[in-house]
Amino acid sequence: MHIGRFRIGMRTMKTALAVMICILLFKITDRREPLIAALAAVFSLRQDLTTTVSFGRSRVLGNSMGGLFAIFYFFIKQYVHQDFLLELFLLPLLVALIIILSDGINNNAGIVSAIATMLLITLSVTRSESIYFALQRVIDTFIGTFVAIAINFLIRPPEKEKESEIKEDLVVLKQKEAKLQEMLKEVQTQIKAQQDSSKDEPPT
């Protein structure tokens, strides 16, 4: 549905619904703030069930990795009483390790979710709270991911909506392809210029 220049798509409505369900679920179960679960639902929800499940799998793996690193960080924090120095040096190191490990196990789609999970937990857990609290925040990310999958399972987009989203994705892909072609031409031009200049140089 379009209102002037603005489009209200099925994915927009489902994303808003996912956030609402997370907030309601946390209120009913008397869990703490639904921030992490709501963010997980937003990150995981895609245009259809297949994409959401595929992305959700990567996100669950990323969440698990980010949660484990967060628990490790919190464990170190209990023994080192320099909070700022830990945040300044250990957190960037853990971010780099997450990227390296995720790339090594071919889970590049889960890198952002892993880093986001770790940072959300590590920067929201205070010294007075236990590792159990950090573990609960990891479970929050799983709740949000499963809410997104459930919504896409129950609410399927109409065929016209699917076609529209596919066309939009194709436009974006074509734009990226055009940029890559331009970059390739620039590289080829530079290589040719270097080859021509080396030919013009007198032999030694």
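Trainee: What should the 12 residues of α5 span, and how far apart are its end C-alpha atoms?
Mentor: In this predicted model, helix α5 covers residues 111–122, and at 1.5 Å a residue its 12 residues should span 16 Å, which agrees with the end C-alpha atoms being 16 Å apart.

Trainee: And how many of the residues of α5 are buried?
Mentor: Nine of the 12 are buried, so α5 is largely enclosed by the rest of the structure.

Trainee: Stepping back, what is the secondary structure of the protein chain?
Mentor: The chain has seven helices and two strands, and from the N terminus on the elements run β-β-α-α-α-α-α-α-α. Of the 204 residues in the chain, 32% are buried.

Trainee: Now α1 and α2: at what angle do they pack?
Mentor: Helix α1 (residues 10–29) and helix α2 (residues 35–44) pack at about 155 degrees, with their axes 9 Å apart. An angle over 145 degrees counts as roughly antiparallel, and α1 and α2 are therefore described that way relative to each other. Their crossing is right-handed.

Trainee: Which residues make that contact?
Mentor: On the α1 side they are Thr 15, Ala 18, Val 19, Cys 22 and Phe 26, while α2 contributes Ala 37, Ala 38, Ala 41 and Val 42.

Trainee: How does the contact of α1 with α2 divide by class?
Mentor: The contact has eight nonpolar residues, one polar residue and no charged residues.

Notes:
Residues numbered from 1 in each chain as written. Predicted model: local features only at pLDDT ≥ 70, side-chain atom pairs only at ≥ 80, totals over all residues. Heavy atoms only, no water. Helix = DSSP H or I, 4+ residues; strand = E, 2+ residues; numbered from the N terminus. Expected span 1.5 Å × (residues − 1). Buried < 20%, exposed > 50% of the residue type's maximum accessible area, 1.4 Å probe, protein only. Axes fitted to C-alpha atoms, helices over the stretch in contact; angles between N-to-C directions. Parallel < 35°, antiparallel > 145°, perpendicular 65-115°, else oblique. Left-handed = near helix turned anticlockwise from the far one by under 90°. Contact = heavy atoms within 4.5 Å. Nonpolar A, V, L, I, M, F, W, Y, C, P; charged D, E, K, R; others polar.
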